[in-house]
Amino acid sequence: PELIKDEEVFDVMNSVTKILEEMGFEMPGFHGHVLFCMPKGTKWEGNIKWVGGAAQNSWWALCSDSACSSLSLTMHSFGQNLNLPQSGKGKSNLSDKTGYMGKSKRSSNSPKMCYNAVN
């Protein structure tokens with residue numbers, strides 16, 4: 001982890017992907033989706049206080065440090081890969097607390113939710 005502290009997450013992701021491809025793994029390959037768990041100290045666009053992110057309709061997601069063990073955050077990221085929109089009303093597009101595409105919680109085995117329709 002000290003080797004990649006202060007590195008941008010996309011640089012780390014690209015380096016890891018390249019190494020895996022050199023080892024014979026095809027990305028994303030048969031698994032379809034990959035969650036990159038980044039160590040504490042990596043940066044997202046210069047910010048070290050990031051939690052996670054994923055590309056819409058893609059194969060990759062990124063979570064920082066302990067956020068990788070958050071069930072709702074990893075499910076939210078996977079939902080973004082499946083092109084599901086974020087869910088919420090009013091000031092925040094993440095204000096929905098009933099489904100995975102709303103606000104995430106930091107817990108490894110809860111909350112048990114589902115992918116609700118956007119509300």
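Predicted model: local features only at pLDDT ≥ 70, side-chain atom pairs only at ≥ 80, totals over all residues.
The cysteines come first. A disulfide is a covalent bond between the sulfur atoms of two cysteines. The model holds one disulfide. Cys-37 and Cys-68 form this link, with their sulfur atoms 2.3 Å apart. The bond joins distant parts of the chain, since Cys-37 belongs to strand β1 and Cys-68 to the loop between β3 and α2. The two partners are 31 residues apart. The angle about the S-S bond is -125 degrees, and the link is left-handed. Cys-37 is partly exposed, at 46% relative accessibility. Cys-68, in contrast, is buried, with a relative accessible area of 18%; that value falls under the 20% limit for a buried residue.

Cys-63 also deserves attention. Cys-63 is buried, and its relative accessible area is 0%.

Pockets were examined next. The largest pocket has a volume of about 300 Å³. Its lining comprises 16 residues. Val-51, Leu-73, His-76, Leu-94 and Ser-104 are the lining residues nearest the centre of this pocket. Both β2 and α2 supply at least two residues of the lining. The most comes from α2, which gives four residues. By class, the lining of the largest pocket contains four nonpolar, nine polar and three charged residues.

The second largest pocket has a volume of about 160 Å³. Among the residues that line this pocket are Pro-39, Lys-40, Gly-41 and Thr-42. Ile-48, Lys-49 and Trp-50 also belong to the lining. So do Ser-64, Asp-65, Ser-66 and Ala-67, together with Arg-106. The lining of the second largest pocket divides into four nonpolar, four polar and four charged residues.

Asp-65 lies in the loop between β3 (60–64) and α2 (71–81). Is Asp-65 buried or partly exposed? At 41% relative accessibility, Asp-65 counts as partly exposed, because that class runs between 20% and 50%.

Glu-45 likewise has a positive phi, near 50 degrees, and is a residue other than glycine. Glu-45 is placed in the loop between β1 (34–38) and β2 (52–54). Its relative accessibility is 68%. Glu-45 therefore counts as exposed, the cut-off being over 50%.

Glu-7 is partly exposed, with a relative accessible area of 34%. Which residues does Glu-7 contact, leaving aside its neighbours within four places in sequence? These contacts are Val-12, Gly-41, Thr-42 and Lys-43. Glu-7 and Ile-48 are 41 residues apart in sequence. In space, their C-alpha atoms are 9.5 Å apart.

Technical notes. Residues numbered from 1 in each chain as written. Heavy atoms only, no water. Buried < 20%, exposed > 50% of the residue type's maximum accessible area, 1.4 Å probe, protein only. Contact = heavy atoms within 4.5 Å. Disulfide = S-S within 2.5 Å. 1 Å grid on protein atoms, 1.4 Å probe; cavity = no way out; pocket = protein on both sides within 12 Å on 5 of 7 lines; lining within 4 Å. Points joined across faces, edges and corners; volume = space filled by probe spheres on them. Nonpolar A, V, L, I, M, F, W, Y, C, P; charged D, E, K, R; others polar.
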